[in-house]
Amino acid sequence: MDGFVKRFLLGPAQALWLLAAGHPVLAEEMQVPQSAEKYPQTLLAPVGTQAQEIFDAMAWDLVAITILFIVFSLVTAFILIRFKARRGDDSKLPQSHGDFRAEIAIWLGLIVGVVILLFHPLHAEGVFSAAPKNADAIDIEVIGHQWWWEFKYPNQKIVTANELHIPTGRIVRLKTTSMDVIHSFGAPRLGGKNDALPGRWTKFWMEVDEPGSYYGQCWELCGASHARMLFRVIAHPQKDYEAWVKARQNPVTKPASELAKQGEQVFGRVCAACHTVDGTPYQGQVGPNLTAVGKRTTIGGGVLKNTPKNLTTWISNPASVKPGSLMPNNIEKGLITQEDVPALVEYLSGLK
Ligand code: CUA
């Protein structure tokens with residue numbers, strides 16, 4: 001009950017209040033949604049240029065609508081009271097028709113109302129569509145797959161999955177496409193959504209102010225595991241980002257133990273048909289690139305924390321984690337045995 005009150009009554013009330021106040025700084029002071037883990041996806045704690053624009057537009061419209069509501073309520077109340085039929089008074093009010101001044105006033109009122117409501121959203125729209133042409137912007141390709149996200153950094157020659165690493169305070173130019181059906185890419189605290197359409201690139205951009213890990217997910221129904229098509233945007237201070245790029249360009253690929261060596265053999269025999277590990281002969285192009293997968297915080301399209309136990313579950317029976325998963329149950333197919341799994345887990349965890 002307590003949870004219900006908090007979630008469905010206090011939360012929205014607080015959100016409305018914040019919106020009415022129109023001031024994101026208050027969110028911080030009131031200790032409302034700042035932690036990504038606690039409040040995974042909220043528009044009320046913007047972190048970055050685009051998200052701020054959306055928040056401002058929303059706050060603007062909420063204030064405008066509230067003022068309109070109050071004005072209309074007062075006018076309606078006035079009319080109801082002023083022109084109420086009194087007992088014993090059966091005289092008729094003078095009927096009028098086609099009052100030119102009233103027509104003009106109504107139309108002007110409507111036009112002004114629409115302009116006021118559209119003012120901020122149109123401004124936000126302008127900010128979104130014009131990708132800044134900064135020389136130090138970073139270009140990243142976002143590719144939707146059933147049911148995971150692929151991120152390609154063409155200039156850095158990096159391909160990764162489900163965890164998008166970016167620096168803070170820099171323009172990140174993204175272009176999105178899909179390899180199968182329509183997906184939609186969006187991390188609410190960082191900005192709007194962008195459709196991922198097969199056979200077409202759609203462009204957008206983001207700029208994030210604060211380092212952190214921000215949730216995002218697919219926003220377009222795309223099949224059985226649509227709700228399990230998550231991603232995280234990990235924003236680093238510039239230096240840490242550069243360190244990540246460097247580490248990622250020089251990944252650890254050699255197995256460090258006997259068990260890991262066995263795992264590598266199984267990987268080469270079965271998994272490499274679909275997965276790539278940079279700097280090795282394993283260059284499958286169907287599934288996510290698994291270079292440095294041991295460093296990722298999540299697996300299975302962002303659904304499970306990256307732990308040996310979860311990795312075991314995921315490899316042993318992918319569909320138990322993600323219904324419809326395109327990664328087959330290789331044990332059922334007889335391609336690997338349950339005994340191969342610990343070796344695979346050891347090998348994958350060692351890729352850093
Ligand atoms: Cu991809 Cu929903």
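Me: Does Lys322 count as buried or exposed?
Reply: This is a predicted model: local features need pLDDT of at least 70, side-chain atom pairs count only at pLDDT 80 or more, and totals for chains, interfaces and linings use all residues. Buried means under 20% relative accessible area, exposed over 50%, and partly exposed in between (1.4 Å probe, protein chains only). Lys322 has 4% relative accessibility, so Lys322 counts as buried.

Me: Where is the place of Lys322?
Reply: Residues are numbered from 1 along each chain as its sequence is written, and side-chain values use heavy atoms, with hydrogens and water left out. Helices (H or I, at least four residues) and strands (E, at least two) are DSSP runs, numbered from the N terminus. Lys322 sits in the loop between α8 (318–321) and α9 (340–350).

Me: Which residues is Lys322 in contact with, leaving aside its neighbours within four places in sequence?
Reply: Contact means heavy atoms within 4.5 Å. With those neighbours set aside, Lys322 is in contact with Trp147, Ser225, Arg228, Gly300, Gly301, Val303 and Trp314.

Me: What separates the C-alpha atoms of Lys322 and Trp147?
Reply: Trp147 is one of the contacts of Lys322. Along the chain the two are 175 residues apart, but their C-alpha atoms are separated by 8.5 Å.

Me: What share of contacts in the protein chain join residues at least 24 apart?
Reply: The count takes contacts between residues at least 6 apart in sequence. Of these, the share joining residues at least 24 apart is 63%.

Me: How many strands does the protein chain have?
Reply: The secondary structure includes 9 helices.

Me: How many salt bridges does the structure hold?
Reply: Side chains of opposite charge can pair when their charged atoms come close. A salt bridge is a side-chain nitrogen of Lys or Arg within 4 Å of a carboxyl oxygen of Asp or Glu. The structure's total is 6.

Me: Which residue forms a salt bridge with Asp136?
Reply: The closest N and O atoms of this Asp136 pair are 3.8 Å apart, and the partner is Arg170. Asp136 lies in the loop between α4 and β1 (138–145) and Arg170 in the loop between β4 (163–167) and β5 (172–178), so the pair ties together parts 34 residues apart in sequence. Asp136 counts as partly exposed at 40% relative accessibility.

Me: How far apart in sequence are the parts tied together by Arg248 and Asp278?
Reply: Arg248 is buried at 6% relative accessible area, while Asp278 is partly exposed at 22%. The two form a salt bridge, their closest N and O atoms being 3.6 Å apart. Arg248 lies in helix α5 (residues 238–249) and Asp278 in the loop between α6 (258–269) and β11 (298–299), so the sequence separation of the parts is 30 residues.

Me: Which helix holds both Glu258 and Lys261?
Reply: Glu258 and Lys261 form a salt bridge, with the closest N and O atoms 3.7 Å apart. Glu258 is exposed at 57% relative accessibility, and Lys261 is partly exposed at 44%. The two are 3 residues apart, about one turn, and both lie in helix α6.

Me: What is the relative accessibility of Lys84?
Reply: Lys84 lies in the loop between α3 (49–82) and α4 (100–129). With Arg82, Arg86 and Arg87, Lys84 forms a positive surface patch; patch residues have over 30% relative accessible area and no salt bridge, with like charges joined within 9 Å and nonpolar side chains (Val, Leu, Ile, Met, Phe, Trp, Tyr) within 5 Å. Lys84 counts as exposed, with a relative accessibility of 52%.

Methods
Areas by Shrake-Rupley, 256 points an atom, 1.4 Å probe, with all protein chains shown as cover. Lys, Arg positive; Asp, Glu negative; His and termini not counted. Charge placed at Lys NZ, Arg CZ, Asp CG, Glu CD.
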